Amino acid sequence: MDTHKTKLVLQNILIVTTIFVTLISTFCAASGVEQLDSMVEEAEDHLAYPSTANWIDELNGMEDEEWAMVQKKGNQFVVNDQPFYINGFNTYWLMVFAADQSTRGKVTDVFKQAASVGLTVCRTWAFNDGQWRALQKSPAVYDEEVFKALDFVVSEAKKYKIRLILSLTNNWDAYGGKPQYVKWGKAAGLNLTSDDDFFSHPTLKSYYKTHVKTVLNRVNTITNITYKDDPTVFAWELMNEPRCTSDPSGDKLQDWIQEMAVFVKSVDPKHLVEIGLEGFYGPSTPDKVQFNPNTYAQQVGTDYIRNHQVLGVDFASVHIYADSWISQSISDVHIQFTESWIKAHIDDAEKYLGMPVVFAEFGVSTKDPGYNTSFRDTLFNTVYKTLLNSTKKGGSGGGSLLWQLFPDGTDYMDDGYAIVLSKAPSVSNIIALHSTRLALFNSKCALKCKWGCRKRSPLEFLYHDDL
């Protein structure tokens with residue numbers, strides 16, 4: 001990897017950003033459209049920012065303002081009453097790495113590198129049920145050292161001004177999840193016939209609720225802040241990719257979502273809550289199933305619109321995996337699906353849900369037949385540009401989280417989707433540019449501009465393809 005090339009790419013991003021920071025400042029001080037050309041020419045002399053993270057902090061005013069809780073206002077996220085559209089990432093294994101001193105430094109590396117390209121939200125696991133280095137060794141029995149590792153993750157995230165979406169369990173058996181709860185139930189003598197009994201059996205639901213209360217009421221041993229009071233937490237996620245295939249009607253999962261969303265809110269009314277869904281349309285909207293990637297998707301017991309209409313759920317979640325859902329071989333069909341999938345969910349979030357939607361996982365595997373970096377760049381550009389069309393209108397497209405960001409030296413954890421910024425200059429460029437655009441948009445309502453937000457402004461330029 002040519003490190004010099006990467007530095008040049010990021011420097012170009014900084015030049016573009018400086019141009020627009022300068023544009024905004026000048027337009028707010030005077031009408032001066034005629035000054036545009038000279039400002040662009042002079043912008044390269046004004047490179048005052050050593051990293052992407054620094055200028056985004058300044059643009060967002062984070063150096064001077066309190067680290068405030070993220071809230072929802074209509075179909076937008078807000079911080080200190082100004083828009084907060086997000087560019088973020090997933091790194092699920094942070095707690096486990098933090099639990100071992102030999103790998104703990106990788107947690108810091110992830111946040112540091114994410115901040116360098118302006119990423120502001122990380123989604124990670126706040127669970128590890130009954131397996132290696134488990135957080136919850138058995139129902140209501142916790143490993144304090146692993147909990148301290150999660151404390152470290154939260155405290156490090158705050159240092160780099162990155163918010164966390166913390167997922168509370170898994171539908172799949174990785175890190176325990178739903179199957180582990182059922183194993184615990186069987187060991188306790190319960191008559192269970194399916195992993196989906198997790199959603200309906202009173203004892204298993206009580207196990208889950210105990211975990212929710214334990215995590216949300218945890219007092220961080222490093223910051224001394226209770227998790228449920230910490231603005232570093234962006235949101236709680238009920239479950240990673242819940243499915244209930246034993247009940248295609250969706251009723252069983254719907255009841256569980258209703259019960260658990262209200263329960264989480266009863267423990268912590270301050271933070272946002274989301275479900276963790278993949279976004280498949282279900283039986284309640286037969287006219288929408290055409291948007292699903294395949295017919296099986298409407299039979300897994302989930303229902304995008306119905307599931308998100310329950311009390312206690314603040315925003316919608318959707319995942320995007322064309323290479324897993326449609327066909328593994330790379331093709332233009334993946335790009336077409338991705339764009340229509342995003343648009344459909346944003347439209348429905350606006351028309352039916354009145355809430356933001358976050359595309360909480362998206363990516364493409366290097367292991368797919370026909371994969372190349374150009375395709376990955378096209379996919380990322382498609383996701384970001386489709387979302388920007390919503391952002392510039394103040395719409396429900398609340399943001400996206402790439403799957404997944406890894407630091408150097410963690411290749412052995414790569415599932416094919418990992419992005420190591422130092423080894424991927426072109427996609428790093430795309431990520432940083434999207435961060436720039438969102439930071440500019442998020443800041444516009446905070447600017448002391450004589451035009452306010454009702455007039456055309458230099459921000460119009462941030463949607464040009466040639467940025």
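Me: How many helices and strands does the protein have, and what makes a run of residues count as one?
Reply: There are 14 helices and 13 strands in the protein. Helices are DSSP runs of H or I with at least four residues, strands are E runs with at least two, and both are numbered from the N terminus. This is a predicted model, in which local features need pLDDT of at least 70, side-chain atom pairs count only at pLDDT 80 or more, and totals for chains, interfaces and linings use all residues. Residues are numbered from 1 along each chain as its sequence is written, and side-chain values use heavy atoms, with hydrogens and water left out.

Me: How do you know that helix α13 has a span close to the expected one?
Reply: Helix α13 covers residues 373-391, which makes 19 residues.

Me: What caps the N-terminal end of α13?
Reply: That is N372, with a side-chain oxygen 3.1 Å from the backbone nitrogen of S374.

Me: How much of the protein is buried?
Reply: Buried residues make up 59% of the 467 residues. The accessible surface comes to about 18300 Å², and carbon and sulfur atoms hold 49% of that.

Me: How many aromatic pairs are there, and what makes F84 and F234 a tilted one?
Reply: The search of the whole structure gives 34 aromatic pairs. For F84 and F234, the ring centres are 6.3 Å apart and the planes stand at 40°, so the pair is tilted. Rings of Phe, Tyr and Trp (its six-membered ring) pair if their centres lie within 6.5 Å, with planes under 30 degrees apart stacked, over 60 edge-to-face and the rest tilted. F84 lies in the loop between β3 (82-83) and β4 (86-90), and F234 in strand β9 (residues 233-237), so the pair ties together parts that are 150 residues apart in sequence. Both F84 and F234 are buried.

Me: Which way are the rings of Y92 and W125 paired?
Reply: Their centres are 6.0 Å apart and their planes at 40°, so this pair is tilted. Y92 is in the loop between β4 and α4 (94-98) and W125 in strand β5 (residues 121-125), so the pair ties together parts 33 residues apart in sequence. Y92 is buried at 16% relative accessible area, and W125 is buried at 4%.

Me: Which residues form an aromatic cluster?
Reply: One cluster is formed by F280, Y281, F291, Y304, Y321, W325, F337, W341 and Y417.

Me: How do you know that the charged end of R163 sits over the ring of W67?
Reply: It lies 3.8 Å from the ring centre of W67. A charge sits over a ring if NZ of Lys or CZ of Arg is within 6 Å of the ring centre and within 35 degrees of the ring normal. The charged end of R163 also sits over the ring of F84, 5.7 Å from its centre.

Me: Where is N128, and what does its side chain reach?
Reply: N128 is in the loop between β5 and β6, and it is buried at 2% relative accessible area. Its side chain reaches the backbone oxygen of W132 at 2.9 Å. Leaving aside residues up to four places away in sequence, N128 touches M95, V96, R133, A134, L135, Q136 and Y175, where contact means heavy atoms within 4.5 Å.

Me: What kind of peptide bond joins W403 and Q404?
Reply: A cis peptide bond, with omega about 5°. Q404 lies in the loop between β13 (397-403) and α14 (425-444).

Methods:
Buried < 20%, exposed > 50% of the residue type's maximum accessible area, 1.4 Å probe, protein only. Areas by Shrake-Rupley, 256 points an atom, 1.4 Å probe, with all protein chains shown as cover. Expected span 1.5 Å × (residues − 1). Polar contact = N/O pair within 3.5 Å; in protein donor to acceptor, adjacent residues only side chain to side chain.
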